[in-house]
Amino acid sequence: MVKLSVIYYSATGHGTTMARRIADAGADAGAEVRLRHVAETNDPATFAQNPAWTANYEATKDHPAATGDDIVWADAVIFGSPTRFGSPAAPFRSYIDSLGALWARGALADKVYAGFTSSQTAHGGQETTLINLYVTLMHFGGIIVPPGYTDELKFADGNPYGVSHITGGDNQSPVDDATNAALDHLAHRVVTTAGRLSVG
Ligand SMILES: Cc1cc2nc3c(=O)[nH]c(=O)nc-3n(C[C@H](O)[C@H](O)[C@H](O)COP(=O)(O)O)c2cc1C
């Protein structure tokens, strides 16, 4: 059975919704799944005026937080982070930067990886966020499995680099059907590929 970790940071909850969808799709694809959020590093007082951020923080703060072991354990990892200034968010990068000792002993290598993100605007940096993530995964020695246009549904969500959601001007647009289908597709593709590699 393929072991899949879904490891994400989310401030205002879109990433949480996307990660849950991927975790469910990964289980549907036959994987044993760990869903782990990257713990909030900001003082809640700093986002108290943001109801969505506060609600997501309260809803997830007691859930298991990601550690390096969640990568070591897994055959495949799907990472998620909001786009901030065209790159992954700082709390997500802090988690990544905590992995040096595991990287040094090769414990992050030879696993299947992919990513997802969200941003407020259509050209707000989703692709650069995913490419930034993938540069790090190259340093891991990871096997990056992007979705490409490997299914007709990818022509609807339109992101061959991973999966991305546009949260809209008010940061409140729900994840649409095309994006949900793309999240399901990414989870299935990653689990299937990891399964093939472990059989081979
Ligand atoms: C500091 C900061 C920087 C951001 N930078 C961008 C950006 O470069 N492009 C963009 O479209 N949205 C940007 N956003 C909006 C976030 O991408 C959006 O709120 C996020 O994808 C929501 O994901 P979440 O609900 O999982 O936190 C930024 C938000 C913050 C707080």
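I searched the whole structure and found seven salt bridges. I keep in mind that this model is predicted.

**Entry 1: around Arg34**

I started with Asp69. Asp69 makes a salt bridge with Arg34, and their closest N and O atoms are 3.1 Å apart. Asp69 sits in helix H3 (residues 69–72) and Arg34 in strand E2 (residues 32–37), so this pair ties together parts that are 35 residues apart in sequence.

Next I checked a second partner. Arg34 also forms a salt bridge with Asp70, with 2.7 Å between the closest N and O atoms. Arg34 is in strand E2 and Asp70 is in helix H3, so the pair joins parts that are 36 residues apart in sequence.

Are Arg34 and Asp70 buried or exposed? I looked, and both are buried. For Arg34 the relative accessibility is 19%. That counts as buried because the cut-off is under 20%. Asp69 has 42% relative accessibility and counts as partly exposed.

Which residues are linked in the network of salt bridges? I noted Arg34, Arg36, Asp69 and Asp70.

I moved to helix H4. The side chains of Asp97 and Arg93 meet in a salt bridge, 3.6 Å from N to O. Both residues lie in helix H4 (residues 90–97), and they are four residues apart, about one turn of the helix. Asp97 is exposed, at 58% relative accessibility, whereas Arg93 is partly exposed, at 26%.

**Entry 2: a nonpolar patch**

Ile131, Val135, Met138 and Tyr161 make a nonpolar patch of about 350 Å². I picked Val135 to follow up. Val135 is in helix H6 (residues 126–140). Its relative accessible area is 40%, so I wrote it down as partly exposed. Residues in a patch must have over 30% relative accessible area.

**Entry 3: two positive phi angles**

Asp110 has a positive phi of about 65°, although it is not a glycine. Where is Asp110 found? I traced Asp110 to the loop between helix H5 (100–104) and strand E5 (112–119). Asp110 is exposed, with a relative accessible area of 65%.

Asn171 is not a glycine either, and its phi is positive, at about 60°. I placed Asn171 in the loop between strand E7 (163–166) and helix H8 (177–199). Asn171 is partly exposed, with a relative accessible area of 22%.

Methods. Residues numbered from 1 in each chain as written. Predicted model: local features only at pLDDT ≥ 70, side-chain atom pairs only at ≥ 80, totals over all residues. Heavy atoms only, no water. Patch = residues over 30% accessible without salt bridge, like charges linked within 9 Å, V, L, I, M, F, W, Y side chains within 5 Å. Areas by Shrake-Rupley, 256 points an atom, 1.4 Å probe, with all protein chains shown as cover. Salt bridge = Lys/Arg side-chain N within 4 Å of Asp/Glu carboxyl O. Buried < 20%, exposed > 50% of the residue type's maximum accessible area, 1.4 Å probe, protein only.
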